[in-house]
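Hi there,

Here is the structure I promised to pass on to you. Have a look at it first, and then read on for what turned up.

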Amino acid sequence: MDTSHLFSLEGRSALVTGGSRGIGRMIAEGFLAQGARVYISSRKAEACDQTATELSRLGTCVSLPADVSTLDGINELVAQYREHEPALDVLVNNAGATWGAPFDEFPESGWDKVMDVNVKSLFFLTQALKSDLAAATADRPAKVINISSVDGLTMNEWETYSYHASKAAVVHLTKRMALRLAADGIVVSGIAPGPFPTQMNKEADQLVGSVPAGRVGEPEDMAAAAIYLASRAGDYIVGSTIPVEGGLLLSR
């Protein structure tokens with residue numbers, strides 16, 4: 001048994017949505033360090049371009065700006081990606097949105113925006129890239145990694161109704177997609193991040209007292225989980241969502 005290359009992504013291509021900042025950037029940076037060619041996408045072109053430029057010091061990182069909350073945006077992203085690569089080894093569905101409002105005031109717009117980004121985009125982007133993923137399975141399975149949240153597994157104290165619902169949906173959709181796509185040589189799994197200090201999770205530091213590990217997550221923690229699932233090491237993890245939360249779930 002040779003375990004020296006279990007976590008290598010050398011020669012592999014990866015597309016990370018929401019890759020210009022936060023969790024997505026952590027994952028993109030980790031993939032680059034392991035030798036992957038990384039394509040990042042986000043709605044804001046300037047931010048996406050800037051991050052790609054910064055990460056290019058580590059390897060090949062290309063900006064593909066697109067709004068994946070719409071089918072037109074998804075098709076645009078797929079077309080852009082295909083200009084660079086004939087196949088796709090790893091898709092990370094990370095693009096996300098949140099919305100908070102009291103129950104009696106929660107708006108339809110806050111429901112639709114979050115569901116479109118967190119659930120709809122994940123399914124339809126994977127659907128659109130299915131042939132690209134299937135084309136990359138000669139040596140080992142292609143991977144789809146869906147980013148959920150601990151808030152899809154348990155409750156937090158904030159009234160983020162559509163966010164909770166969307167992230168719970170991602171956990172179950174990951175299972176359903178895994179059952180279907182395994183036959184095509186595509187392994188689907190997920191990550192449920194806990195408190196990581198990001199622009200979308202500005203309250204992360206407030207949760208330190210509830211985290212048994214005694215700290216919030218660091219970029220290496222997220223990169224490690226994503227590299228595990230994306231590499232040969234994670235080939236047999238099918239349909240599961242791995243919590244990366246310092247034990248927070250044990251304290252709720």
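Please keep in mind that this is a predicted model.

Let's begin with Ile 191, which is part of strand E6 (residues 186–193). Its relative accessibility is 0%, so Ile 191 counts as buried. Beyond its neighbours within four places in sequence, Ile 191 is in contact with a set of residues that includes Ile 145, Ile 147, Met 222, Leu 229 and Val 244. Lys 130, in turn, is 61 residues away from Ile 191 in sequence, and their C-alpha atoms are 20 Å apart.

Next is Ser 42, in the loop that joins strand E2 (37–41) to helix H2 (45–55). Ser 42 is buried too, because its relative accessible area is 9%, and buried means under 20%. Its side chain makes a polar contact with the side chain of Ser 20 at 3.5 Å. The Ser 42 side chain also reaches the backbone oxygen of Lys 44, at 3.3 Å. Leaving aside neighbours within four places in sequence, the contacts of Ser 42 include Cys 48, Leu 64 and Pro 65.

Last comes helix H3, residues 71–82. Which of its residues are buried? They are Gly 73, Ile 74, Leu 77, Val 78, Gln 80 and Tyr 81. These residues cover an arc of only 160 degrees around the axis, so they sit on the same side of H3. They pack against strand E1 (13–17), E2 and helix H4 (108–128). The length of H3 agrees with expectation as well, because its 12 residues should span 16 Å and its end C-alpha atoms are 17 Å apart.

Enjoy exploring!

Best wishes

How values were computed
Residues are numbered from 1 along each chain as its sequence is written. This is a predicted model: local features need pLDDT of at least 70, side-chain atom pairs count only at pLDDT 80 or more; totals for chains, interfaces and linings use all residues. Side-chain values use heavy atoms; hydrogens and water are left out. Helices (H or I, at least four residues) and strands (E, at least two) are DSSP runs, numbered from the N terminus. Buried means under 20% relative accessible area, exposed over 50%, partly exposed in between (1.4 Å probe, protein chains only). Contact means heavy atoms within 4.5 Å. A polar contact is a pair of N or O atoms within 3.5 Å; within protein, one must be able to donate a hydrogen and the other to accept it, and residues adjacent in sequence count only if both atoms are side-chain atoms. The expected span of a helix is 1.5 Å times one less than its number of residues. The arc is that of the directions from the helix axis to the C-beta atoms.
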